[in-house]
Amino acid sequence: MQFFSFDPNNPVFRIQDWALSLQIITLENVYGLDPDGIHRTEHEDSASLSCIGLRWGGGQQPAPGSLHLTARFEPEGLRVQIKAQAPEPIRAVKILIRHLAPVTALDQFDDERAIPPEGLLDRYPNQLRLPLLCVRQLDGITLGFRWEDAEHRSKRFAVYLERFGDDYTVECIHEEDARHFATQIEVPDWIIARVDDPTAFRAAQLTFNERQAGLKRWEERTDVPDWARQLRLVVTLHGMHWSGYTFNTYAQMIDILRYVATRIDGSQVLAYLPGWEGRYYWQYGDYRPDPLLGGEAGFTALCQTARELGVHLMPMFGANCVNSWKSNYHLFGPSSHMKTATRNVFHGNQPDWDTSRTQDTGWQAWLNPGAPAWQRELIRQINQLLDQYDLHAVFLDTVEVWVNDPDFNLLEGYRQLVGELRQARTDLLVTGEDWYDGLLPLFPVFQRTTKWRQTPDWVGRYARLMGHIADSEPARGSTGVFESGYAPYERLPDQPHYLPTIAFVDGTLEQAREEIDAIIGLAHG
């Protein structure tokens with residue numbers, strides 16, 4: 001995290017006993033308030049601050065602009081609303097909570113994290129799952145900061161020791177949707193509070209999401225088909241690795257499903273198919289049964305057998321990533337690139353697929369699901385597979401990846417995509433790789449590994465979780481098509497919102513039957 005090499009000289013003002021500063025960040029510069037233009041008023045239940053005129057260059061230079069802040073007093077703190085105007089399009093507004101005693105930050109389980117010398121930076125939604133942060137002072141007092149934003153726009157929190165003093169500062173940053181950058185901005189309600197119970201503070205955020213952002217309890221969801229509510233087990237059937245190594249052909253997948261269906265009712269089984277279309281990731285953007293796995297005939301047989309057993313097949317699709325070297329790329333790719341707010345082309349994960357140790361994946365293009373050309377093409381390919389093989393579930397990879405694209409909003413794109421897929425198929429289950437609060441209303445089931453980060457229990461109020469392909473299978477610890485290669489095998493937590501999951505590569509069925517049977521036993525409950 002970088003800092004200015006000078007004192008930015010942001011005026012500090014007080015509302016009740018909170019010391020605050022404000023910044024307006026445009027696409028060209030960063031502005032503070034002109035101390036000569038600030039006017040404050042305070043009432044019994046609120047306070048306001050108006051400022052005519054801005055300053056830049058550490059307060060050395062004047063600029064036109066304004067900011068108006070209203071703070072309503074609440075039992076634990078403040079509810080703040082801000083409107084601002086600047087000379088150039090505004091990217092973000094930053095509120096700085098100043099003059100704090102030493103603090104630690106709380107994670108999503110309310111465990112303390114030390115603030116490193118370079119400071120702590122948390123981003124929503126790519127890192128934080130809620131636009132919320134709590135910090136704890138040495139005296140034990142917990143401070144909470146959260147935004148009530150039904151549009152789930154970008155937020156960032158920074159915590160650090162001031163470079164010009166001995167106090168700590170918490171920055172709370174709201175970034176506008178890049179499609180709507182303008183010289184005026186209205187910031188959603190921001191809550192700053194002394195928090196007796198972080199769980200209750202978090203619950204207030206979830207209550208807002210339920211009331212204003214479409215979040216539904218699991219029992220109330222209308223996007224969970226009746227058959228999906230009966231699911232008790234997920235089997236991950238790895239197909240083909242990026243390199244072309246085959247873990248399971250379609251015929252071998254049939255053998256696995258037959259084995260599983262002798263031990264549990266097939267209608268309670270969801271069979272997840274990563275690498276079903278051939279070389280994992282390499283084939284992304286051009287979905288069809290792979291000849292080396294058994295071709296159309298073999299995939300047809302797999303689908304027919306699954307139906308006979310009652311098992312529900314769920315093939316995997318890249319929601320936002322394709323191979324730009326495929327012959328069909330020109331039809332949808334060039335107009336659909338993901339971009340940052342200032343139009344840098346986004347290039348997401350770069351696995352070392354070929355073990356050249358370069359992580360040079362220039363062929364991997366990241367496309368915005370809100371871009372019309374890619375959205376239409378992905379829907380076309382998925383619908384074609386669903387129709388041809390009578391499938392009832394779809395998995396969308398990497399939906400948690402997010403950028404503030406100036407052309408098409410990713411979250412709106414997913415909402416449109418899921419809506420189009422389910423419009424003619426009310427019994428279709430659409431699942432995604434990972435969650436944040438904006439995705440919870442769109443996907444009732446998420447793939448999630450406990451190896452990266454535990455999932456709070458409260459997520460189970462709204463969704464169910466299945467094992468990730470990063471979770472290895474029990475025979476030799478292989479992660480199949482997933483790029484990590486190997487990992488220690490471990491079961492998912494024995495909690496109601498986790499669907500027991502068992503992965504299969506070549507040899508798993510023959511070498512790990514005791515563990516397979518044990519997981520199926522857990523699925524029986």
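Lys-155 is buried, and so is Asp-149; buried means under 20% relative accessible area, exposed over 50%, and partly exposed in between, with a 1.4 Å probe and protein chains only. The two residues form a salt bridge, their closest N and O atoms being 2.7 Å apart. A salt bridge here is a side-chain nitrogen of Lys or Arg within 4 Å of a carboxyl oxygen of Asp or Glu. Side chains of opposite charge can pair when their charged atoms come close.

This is a predicted model, in which local features need pLDDT of at least 70 and side-chain atom pairs count only at pLDDT 80 or more, while totals for chains, interfaces and linings use all residues. Residues are numbered from 1 along each chain as its sequence is written, and side-chain values use heavy atoms, with hydrogens and water left out.

The whole structure holds 34 salt bridges. One of them joins Glu-74 to Arg-79, with the closest N and O atoms 2.8 Å apart. Glu-74 is partly exposed, at a relative accessible area of 30%. Arg-79 is buried, at 12%. Another salt bridge pairs Glu-112 with Arg-136, and here the closest N and O atoms are 3.4 Å apart. Glu-112 lies in strand E9 (residues 112–113) and Arg-136 in strand E11 (residues 132–137), so the pair ties together parts that are 24 residues apart in sequence. Strands (E, at least two residues) and helices (H or I, at least four) are DSSP runs, numbered from the N terminus. Glu-112 counts as partly exposed, at 48% relative accessibility. Arg-136 also counts as partly exposed, at 21%. Salt bridges that share partners join Glu-74, Arg-79, Arg-146, Glu-148 and Asp-189 into one network.

The largest nonpolar core has 165 residues. Such a core is a set of buried Ala, Val, Leu, Ile, Met, Phe, Trp, Tyr and Cys residues joined through side-chain atoms within 4.5 Å. Leu-69, Ile-97, Phe-145, Val-235 and Leu-396 touch the most other members. Strand E7 provides the largest share of this core, ten residues.

Val-235 shows what such a position looks like. Not counting residues up to four places away in sequence, Val-235 touches Leu-257, Val-260, Val-269, Leu-270, Ala-271, Tyr-272, Ile-502 and Phe-504. Contact means heavy atoms within 4.5 Å.

Val-170 lies in strand E14. Val-170 counts as buried, at 0% relative accessibility. Its C-alpha atom is separated by 6.8 Å from that of Tyr-160, ten residues apart along the chain. Leaving aside neighbours within four places in sequence, Val-170 is in contact with Ile-95, Leu-96, Ile-97, Leu-100, Leu-133, Val-135, Phe-145, Ala-158 and Val-159. Leu-54, in strand E5 (residues 46–56), is likewise buried, with a relative accessible area of 0%.

Next come the open spaces. On a 1 Å grid over the protein atoms alone, a cavity is a set of points where a 1.4 Å probe fits but cannot get out; a pocket is an open set with protein on both sides within 12 Å along at least five of seven lines; lining residues have an atom within 4 Å of a point. Grid points are joined across faces, edges and corners, and a volume is the space filled by probe spheres set on the points.

The largest pocket holds about 890 Å³. It is lined by 32 residues, and Gln-2, Phe-3, Gln-23, Lys-94 and Glu-171 are the closest to its centre. E2 (18–26), E7 (77–100), E10 (120–124), E13 (155–161) and E14 (168–175) are strands that each supply at least two lining residues. E7 gives the most, with six. By class, this lining has 14 nonpolar, six polar and twelve charged residues. Ala, Val, Leu, Ile, Met, Phe, Trp, Tyr, Cys and Pro count as nonpolar, Asp, Glu, Lys and Arg as charged, and the others, Gly among them, as polar.

There are also two cavities of 30 Å³ or more. Of its 15 lining residues, His-468, Asp-471, Ser-472, Glu-490 and Thr-501 lie nearest its centre. Strand E25 (residues 501–504) gives the most to this lining, with three residues. The second largest cavity holds about 40 Å³. Its lining consists of Glu-151, His-152, Arg-153, Asp-177, Trp-402, Asn-404, Asn-409 and Leu-411.
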